[in-house]
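Hi,

Here is the structure I promised to send over, with the sequence alongside. Have a look at it first, and then read on for my notes.

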Amino acid sequence: MSDREIYETENALAKERYALVCERIREAAKQPETQEAFADYFKKTAAFILLTTEVLQMQQEGTLWHRSLAECEQLNERLYADLSPGKKDVCYENSYANPAYAVGRLGSEYGGMLCFLYTECRALIAYAFEGRLADMTVLLELFVEIYTCFCDQSGTDAEEIRQILYWHFHDYSEILVAQSVRNGIDPQLDFFTRIVREADLDDLTYLYRYGEYISENELKSAQYLASLSDDQIQAMADTFTEGYRIGFEVTNKDLSKKKTVSIHYQIGFERVVRRAMDNFAKLGLQTVIFRDAVSSMENRGHGKRGCYSTSANRQFDYDHRNDSAYYLDKAFVERRLEVLRDAYETYKDLAAVFAGPAVQEVFGEEPFAPENKKEAAHYDEKQQKLLVYYANQAGQITNRYIKGEERSYTIIAYPLPAIGQDYQQIFAETVKINTLDYMHYRKMQQKLIDVLDKAQRVHITGKGANHTDLYVSVRRLAEPEKQTAFENCVADVNIPVGEVFTSPVLKGTCGVLHVTGVFLNELFYKDLELFFTDGMITDYRCANFKDPEENRRYIRENVLMQHETLPMGEFAIGTNTTAYRMARDYQIAEKLPILIAEKTGPHFAVGDTCYSHAEDTKVYNPDGKEIVARDNEVSMLRREDAAKAYFNCHTDITIPYDELDQITAVLPDGGFIDVIRDGRFVVEGTQELNVPLDALGR
């Protein structure tokens, strides 16, 4: 059953309720019956809701897909006006989507909750474009229920509002979780694949069919890709899908058992996605595409997934990243886990044939350093622990149905027009980087591995303002002629080419990791420092905010992902000095995604290993040696209790070559061999990697 058939059935059942609730909202938009202090909020929110009902009506009448570009732009501006930055009359500064403004206007008792309600109502945009009248009805009824409470002129009970919100999300989680699971694995849900396959990509109005915010990034990306030849577009798609296929091959996983793949991409790249879909079809895979999160129950604000566009306002995303704090408790978590199990059991046949994600990332926007607002929702200590518990349990449930040892992935990245006036040149350079001769790199990287495999530990030091001083313990090899501790990573699942990596032994991995500036999970960190003892983070700090405790909260929430500590899950040496030179030539180092940045220096991941949930699958380097460093002391706990083994996060932190002093292999007998000295490769047979570095500034 397709999404259209599902929605037709559900919509028919909700049609009468929808008509009744819309009438009540029209009354609120004209003349709210609330206490005076809240009239402006309900009037403006009702007006926004009615705008989305107009969109739904156009969708139902079939006129939504037949508008001029000017009409599309006008509607897009109206839908996203109050998220726009700046000091205009209608903008985020004076929007009820802004928790600081909402609390300032409505008071601390109600402002936060009403700001949260309005933000949830913004999901109506997506529902309207997809024709999901039933889902719209549920949200509209929530709004009206709360509106009615404020119509009592004798006063409103804040606890009553809190309980209405609480029970709405507890009750609705059953529907939303099941939808989310199916959206990620069922190709019959074809709203997005139909856009990619059927739209006239020469007519830019197709960009507005998604119901997402459309900026210059989406428009100019689509225009630039339209200027490329068919051969160039096909080559980009081939690099993407071939990396995916090779990922199964090198990890000894059987792709023939799989039937579906999910593509993640930014709107504007449909020409490449369309060709990729064709390529995947030749591999026997149908494409699944789903929308980035629009509700707090889908972890909105924690990085983009699925099909998405440029954020209308990254501060808005950041302000609402913790919105589930309004209803998150033990009962909600246990209920959601129960529903997740039921959903996967219902769709277990679809889950079993899902091959994994194929991800096109983008980069180029200015690094974002957020403002921490006291008025925004925050998790208390109990909720932080519940989030960690939920992520752990949900990861285990997902892996039970979409087995880690059977799935794979690939990731590639391209620049956005926001990167600046050199966009087209940078795009062309990125394509070259993504297609470098991996056989050539494989040989040089093997030279590094031959040295690193002799090490008992590796010593990494920074220079200049960087004070990294870190020892990483390396897995000892029982049979060096058959085994290796480092993977020779070329351009397959992780494009572009250029790294050797290992899962460190935690015991003896100690010291400080420091970077003067780094962009992680879409957020900027100034002078980030992580301290390790036996491979576990024991302390951390940065210099983003004046208050040291605020800096610690920032790191715990966005790097440690609410965990008290994380292990070092990966140590790697990036070898793509060509990418490093591109970044310096165009002065875009701070804008590179981690996918490319991690290849431009040594990097260290905190969280799970690269082999998470697939540690028992044997993996081999091109020279035939088995990569035996797939585990660490934490991940091995899976045999006793999987809840203790995984953290469901993996964040790479790179030291750029210009902040790097030395990387030295320390041998068991106390001797040493330099791998990098003064930021340059010194192992025999790898000096060619220095050519792009030496060319800087010429």
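Phe-501 stands opposite Ala-572 of strand 14. That position belongs to the pairing of strand 10 (residues 499-502) with strand 14 (residues 568-574), which is antiparallel and runs over 4 bridges. Please keep in mind that this is a predicted model.

The two strands are part of an open sheet of 5 strands, ordered 9-10-14-15-17, with antiparallel pairing. Strand 9 (487-489) and strand 17 (650-654) are the edges: each has a single partner strand, so one side of each has no neighbour in the sheet. From one strand to the next, the twist averages 25°. If you look for what lies across strand 9, strand 10 and strand 14, you will find helix 18 (residues 438-452), which runs at about 160° to strand 9.

Now for the helix pairs. Two packed helices are described by the angle between their axes and the distance between the axes.

Take helix 8 (residues 158-185) and helix 14 (residues 330-346) to begin with: their axes come within 9 Å and cross at roughly 25°. Angles under 35 degrees count as roughly parallel, so helix 8 is roughly parallel to helix 14. The crossing of helix 8 with helix 14 is right-handed. On the helix 8 side, the contact is made by Tyr-166, Phe-169, His-170, Ser-173, Glu-174, Val-177, Ala-178 and Val-181. Helix 14 contributes Ala-331, Phe-332, Arg-335, Arg-336, Val-339, Leu-340, Ala-343 and Tyr-344. Sorted by class, this contact between helix 8 and helix 14 has 11 nonpolar, 2 polar and 3 charged residues.

The other pair is helix 17 (residues 423-434) with helix 20 (residues 577-585), whose axes come within 10 Å and cross at roughly 170°. Over 145 degrees counts as roughly antiparallel, so that is the description for helix 17 and helix 20. Here Ile-426, Glu-429, Thr-430 and Ile-433 of helix 17 meet Thr-578, Ala-579 and Met-582 of helix 20. The residues in this contact of helix 17 with helix 20 are 4 nonpolar, 2 polar and 1 charged.

One last item, on helix 2 (residues 36-61). How far apart should its ends be? With 26 residues at 1.5 Å a residue, helix 2 should span 38 Å, and its end C-alpha atoms are 38 Å apart, which agrees. Gly-62 follows helix 2 and has a positive phi, near 85°.

Happy browsing, and do write back with any questions!

Best wishes

Note on methods. Residues numbered from 1 in each chain as written. Predicted model: local features only at pLDDT ≥ 70, side-chain atom pairs only at ≥ 80, totals over all residues. Heavy atoms only, no water. Axes fitted to C-alpha atoms, helices over the stretch in contact; angles between N-to-C directions. Parallel < 35°, antiparallel > 145°, perpendicular 65-115°, else oblique. Left-handed = near helix turned anticlockwise from the far one by under 90°. Contact = heavy atoms within 4.5 Å. Nonpolar A, V, L, I, M, F, W, Y, C, P; charged D, E, K, R; others polar. Pairing = 2+ DSSP bridges. Expected span 1.5 Å × (residues − 1).
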